[in-house]
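Keep the viewer open as you read.

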Amino acid sequence: MAVRTYLQAITDGLREAMDEDERVFVMGEDVGAFGGAFKVTAGLQEEFGTERVRDTPIAEAGIIGTAVGAAIVGMRPVCEMQFSDFVACGFDQLVNVAGKMHYRTGLAVPLVLRLPSGGGFSGGPFHSQNPEAWFMHAPGLKVVAPSTPEDAKGLLTAAIHDPNPVVFLEHKHLYRRIKGEMPDGSYETPFAARVARPGTDLTVIAYGAMVHSALEAADQLDGASVEVLDLRSLAPLDEEAILASVAKTSKVLVIDEANRTCAAGAEVASLIADRAFELLDGPVRRLATPDVPIPFSPPLEQAVIPTAQRIAEACRELLDY
Amino acid sequence: MAKGKERDSDPLNFDDLRGQLHAMCLMRGVEERGLSLYKQGKVPGSFYDGRGQEAISVGATWALDAADAVSSPLIRDLGAHLVRGTDLTDIFRHYMGRENAISHGREGNVHFGDRRVGVVGMVSMLPDMMVVATGIAMAFKMRGEARCALSFFGDGATSRGDWHEAMNWAALYELPAIFVLENNQFAYSTPTSGQYLGEPVKRAAAYGMDGVSVDGNDVTEVFEATWAAREKAIAGGGPTLIEARTLRMHGHGAHDDASYIPAELLEDWRRRDPIERLAERVGADELATVEAEVKAEIDAAVEAALSAPMPDPATAVEGVFCEGEPQVLGEGAAPWSGFAIPAPVAAAA
């Protein structure tokens, strides 16, 4: 059991996948000798060469579209968008070409698209977004968002093994801040939720960096038994795990770091209203970033992204309901 | 991987010319029948054809080897599907939204590609598939395979950013890609004068790529340019942009009377009909024989297709994800006599 950061866990996952399968290759902007804007691919080009760790032109549609082409002839591309925000430039190739390919033609598209996402460090409107809901809404794409080093590597490994396009959201604010013990060797984490903290009075449902904020909030709530459910996979959504937790606690707070409207949490809330109405002892509450671009200045950014303190307040209100 | 024969004589023998004539007549005949079925209400959606452009998709794919990829034929490129060996009955089943082995009724009626014969179905956003072809070529080169990827697109597609990204990417990595610009002078209703200044084929040089312009209504010119591009591509010489000049003889789709195309322009290009030009070389008797063959093939395919069931509505939600063995692009027919590969066999189910 080694202790690795969230970032190192992703690097480990890439290295092991490339070691294990020569069809796996990595490409993106500055991912080669430079090791990527966040150094996730540092050392990989040295180890695997320039053909398998490819620096690309600044061309997001080019990266995703060529990855689709390589995938349908048997390769296993793992692409990086330098920031998740930039995926908008390749949206069409991902949503219209990659996502619909299997349904239309029967061709498998085993590609992984790594999206360094999220805010919390003054990245501003173009380096802080959480675009996961765009892709949850697009048929044919899987969407995962790990919160721990163990899951980051396991979900990445499972994504690379998956014969479908997988959008892999890696939260930039977790890269070096979060460390954890790792299982030895290669392993897959299922595209399913996990109970990050068991409880009986209230469920907080979150994913990515918000899992840590939710855990921090739960620690502040003396005397209450708060369950934190880490979704890990947004598409598919682990409906049974969500409903099982609601059945246990009867009160739910859903957190999104993403903008509120049509966020992943909206789908979770809708699912609970639809299938667990009789189990509830209170309204399904949501806490999310309002529908604004993520501002740069620290007090402005902190005003919009859910904090542990605001999560704790929302929990108290629900517990008192 | 078979290689092209040495250029010591005319690369196209009589069987090639006859085969191309057959494919071009088949394309025109299938599309005429498709249009007729559309007017009878048997083809849902609208219907789109490539009348007058038959020499481009037939000539270009005639130069491809079995393991090469086509990503993708557009709505004017039925000939590419036919040359690669796509089953005719499947095509009519597909047109009519019936159960079929290519698309299971999920794909738009003139948007399809039979992966089993190395053809990727197009998407409506052009030229997206040019980027995909670039990625296919990149994989071929990474694996050291002597294969190339060919992509068709129109004059209007040269305005989009994906065109630039594909041109730049393919040139930068010297990929075995062939880009066929089908300049039919109109992007839906917009003439090229409303699309760009200058000539797109000249842009190739700016990317560090060879660019050639050919008469798109001369199947031999299209074939020869594609053959040369392929030879260069598999030898490591990088991509080529081929402009094939033509005119779309029908509207954008069956709903479009193309009244915006001047009558004299249409008449001018009608005199350059690619099938008539090839028939002059093959002979009138042979043309009559080919036309009779084609009619019989189409009659049989339509009859078989009309008896095919519509898809089971329960299957509408199936197949979004790959859940079994991942399928990759297969190999198609390579009918050119220059390849030492036997004649096409029908795609396996």
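Helices (H or I, at least four residues) and strands (E, at least two) are DSSP runs, numbered from the N terminus. This is a predicted model, in which local features need pLDDT of at least 70, side-chain atom pairs count only at pLDDT 80 or more, and totals for chains, interfaces and linings use all residues. Residues are numbered from 1 along each chain as its sequence is written, while chains are lettered from A and ligands numbered from 1 in the order in which they are written.

**Confidence**

The model comes with an ipTM of 0.97 and a pTM of 0.96. Residues 1-7 of chain B are another story: their pLDDT is below 50, and beyond near neighbours in sequence the stretch has 13 contacts in the model. Where pLDDT is low, the predicted coordinates should not be read in detail. A contact here means two residues whose C-beta atoms, placed from the backbone, lie within 7 Å.

**Where the chains meet**

Chain A puts 31 residues into the contact and chain B puts in 36. On the chain A side, α3 (60-72) and α4 (91-105) are the elements that give two or more residues, and α3(A) gives the most, with nine. Sorted by class, that side has 16 nonpolar, 12 polar and three charged residues. In this sorting, Ala, Val, Leu, Ile, Met, Phe, Trp, Tyr, Cys and Pro count as nonpolar, Asp, Glu, Lys and Arg as charged, and the others, Gly among them, as polar.

Chain A splits into domain 1 (2-182) and domain 2 (194-320), with bounds from an automatic or database domain assignment. Their centres, taken over C-alpha atoms, are 26 Å apart. In the contact between them, 26 residues of domain 1 of chain A meet 23 of domain 2 of chain A. On the domain 1 side, α5 (132-136), β6 (142-144), α6 (149-161) and β7 (166-171) of chain A each supply at least two residues.

A nonpolar core is a set of buried Ala, Val, Leu, Ile, Met, Phe, Trp, Tyr and Cys residues joined through C-beta atoms within 7 Å. Buried means 20 or more other C-beta atoms within 10 Å of the residue's own, exposed means 12 or fewer, and partly exposed is in between, with C-beta atoms placed from the backbone. The largest such core has 203 residues, and Val68(A), Phe168(A) and Val204(A) touch the most other members. Its largest share, 10 residues, comes from helix α5 (residues 128-142) of chain B. Both domains of chain A give residues to this core, so it lies between them.

What does Val68(A) touch, not counting residues up to four places away in sequence? Its partners include Val97(A), Met101(A) and Leu111(A), plus Val132(B) and Gly135(B) from the other chain.

Asn164(A) sits in the loop between α6 and β7 of chain A and counts as buried because it has 23 C-beta neighbours inside 10 Å. Leaving aside neighbours within four places in sequence, Asn164(A) is in contact with residues of both chains, among them His102(A), Lys142(A), Phe321(B) and Cys322(B).

**A helix in chain B**

Helix α11 (residues 284-306) of chain B has 23 residues and reaches 32 Å from its first C-alpha to its last, close to the 33 Å expected. The expected span is 1.5 Å times one less than the number of residues. Its buried residues include Val290(B), Val294(B) and Ile298(B), and the buried residues of α11(B) pack against α1 (14-39) and α4 (88-95) of chain B.

| Cis bond | Omega |
|---|---|
| Ala235(A) to Pro236(A) | about 5° |
| Ser71(B) to Ser72(B) | near 10° |

Pro236(A) is in the loop between β12 (233-235) and α8 (239-249) of chain A, and Ser72(B) is in the loop between β1 (69-70) and α3 (78-84) of chain B.

Arg232(A), which is not a glycine, has a positive phi near 60°. With 25 other C-beta atoms within 10 Å, Arg232(A) is buried. Tyr188(B), also not a glycine, has a positive phi of about 55°; it has 13 C-beta neighbours inside 10 Å, so Tyr188(B) counts as partly exposed.

How values were computed. pLDDT = per-residue confidence, 0-100.
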